[in-house]
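Here is a friendly walk through one protein chain, told as questions and answers. Have the sequence and the model open beside you as you read.

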Amino acid sequence: MKSPLNSAVEVGVRVLMLLTEAFPAHLDLNRLVLLDHSLLHSADLGGPESLHPPLPIRAGELGVKRRTIEGGLEVMIRAGLAHMDVGADGIQFRASDDAEGFVSLLATSYAGALHERASWVVSRFGSLEETALRQEMRDVSAHWSEEFEQRDLTEEANF
């Protein structure tokens, strides 16, 4: 049995929440990768409690996130909840007119937490230029590296 965690449907719902919060803005894949990561690890960025635990390997998530987000976007586009547009700025994605209605039907506590964090992420990072957003991510990931190194030293001292 495949895990439902980080499945195309779950990632698609997360990305759809971001696109709905950013509506009518169009977001490219790079921005969606960074915003989705911020949504899951919001406490690292000074926001609400993170949805995913603060594991020292979370920086590695960024490397595989692009593919999972592409899969999630494909599901949402097929469902008519998101659109892909090609223009002078490249390929960008936006929520469809039906997206907000769909998102409002999700009534679990997890969906509520996703919505809260998506709102925070878009208000905090949505208007940042890509270079500023990337710098925010670098600052946080540098902290993760320090955490990982400290844990390694602590574990070695215990042997």
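Q: What makes α2 mostly covered?
A: Eleven of its twelve residues are buried, where buried means under 20% relative accessible area, exposed over 50% and partly exposed in between, with a 1.4 Å probe and protein chains only. The buried residues of α2 are Leu29, Arg31, Leu32, Val33, Leu34, Leu35, Asp36, His37, Ser38, Leu39 and Leu40. Before we go on, please note that this is a predicted model, in which local features need pLDDT of at least 70, side-chain atom pairs count only at pLDDT 80 or more, and totals for chains, interfaces and linings use all residues. Residues are numbered from 1 along each chain as its sequence is written, and side-chain values use heavy atoms, with hydrogens and water left out.

Q: How do you know what span to expect for α2?
A: The expected span of a helix is 1.5 Å times one less than its number of residues. For the twelve residues of α2 the expected value is 16 Å, and the helix reaches 17 Å from its first C-alpha to its last, which is close. For α5, with 17 residues, the expected value is 24 Å and the helix reaches 24 Å.

Q: What is found at the start of α2?
A: A side-chain oxygen of aspartate 28 comes to within 3.3 Å of the backbone nitrogen of asparagine 30. A polar contact is a pair of N or O atoms within 3.5 Å; within protein, one must be able to donate a hydrogen and the other to accept it, and residues adjacent in sequence count only if both atoms are side-chain atoms.

Q: What makes up the pattern of the protein chain?
A: Along the sequence it reads α-α-α-β-β-α-α-α, with six helices and two strands. Helices (H or I, at least four residues) and strands (E, at least two) are DSSP runs, numbered from the N terminus.

Q: Which residues touch the most other members of the largest nonpolar core?
A: Leu18, Leu19, Leu32, Ile69 and Leu73 do, in a core of 34 residues. The elements that give two or more residues to this core are α1 (8-22), α2 (29-40), α3 (61-78), β2 (90-95), α4 (99-105) and α5 (109-125). Of these, α1 gives the most, with eight residues.

Q: Why is leucine 73 called buried?
A: Its relative accessibility is 3%, so leucine 73 counts as buried. This residue lies in helix α3. Not counting residues up to four places away in sequence, leucine 73 touches Val15, Leu19, Leu29, Leu32 and Phe93, where contact means heavy atoms within 4.5 Å. The C-alpha atoms of leucine 73 and alanine 8 are separated by 7.9 Å, though the two are 65 residues apart along the chain.

Q: What is leucine 18 in contact with, leaving aside its neighbours within four places in sequence?
A: Leucine 18 is in contact with Leu32, Leu35, Asp36, Leu39, Ala118, Val121 and Val122.

Q: Why is asparagine 6 called partly exposed?
A: Its relative accessible area is 39%, so asparagine 6 is partly exposed. Asparagine 6 sits in the segment before α1. Leaving aside neighbours within four places in sequence, asparagine 6 is in contact with Val11, Arg14 and Thr68.

Q: Why does serine 96 count as buried?
A: The relative accessibility of serine 96 is 5%, and therefore the residue counts as buried. Serine 96 is found in the loop between β2 and α4. The side chain of serine 96 reaches the backbone oxygen of glycine 80 at 2.8 Å.

Q: How do you know that β1 and β2 pair?
A: Two strands pair if DSSP finds at least two bridges between them. Six bridges join β1 (residues 82-87) to β2, and the strands run antiparallel. They form a hairpin with two residues between them, and methionine 84 stands opposite phenylalanine 93 in β2.

Q: Which residues does a cis peptide bond join?
A: The bond joins phenylalanine 23 and proline 24, with omega about 10°. Proline 24 is in the loop between α1 and α2. Most peptide bonds are trans.

Definitions and conventions
A nonpolar core is a set of buried Ala, Val, Leu, Ile, Met, Phe, Trp, Tyr and Cys residues joined through side-chain atoms within 4.5 Å.
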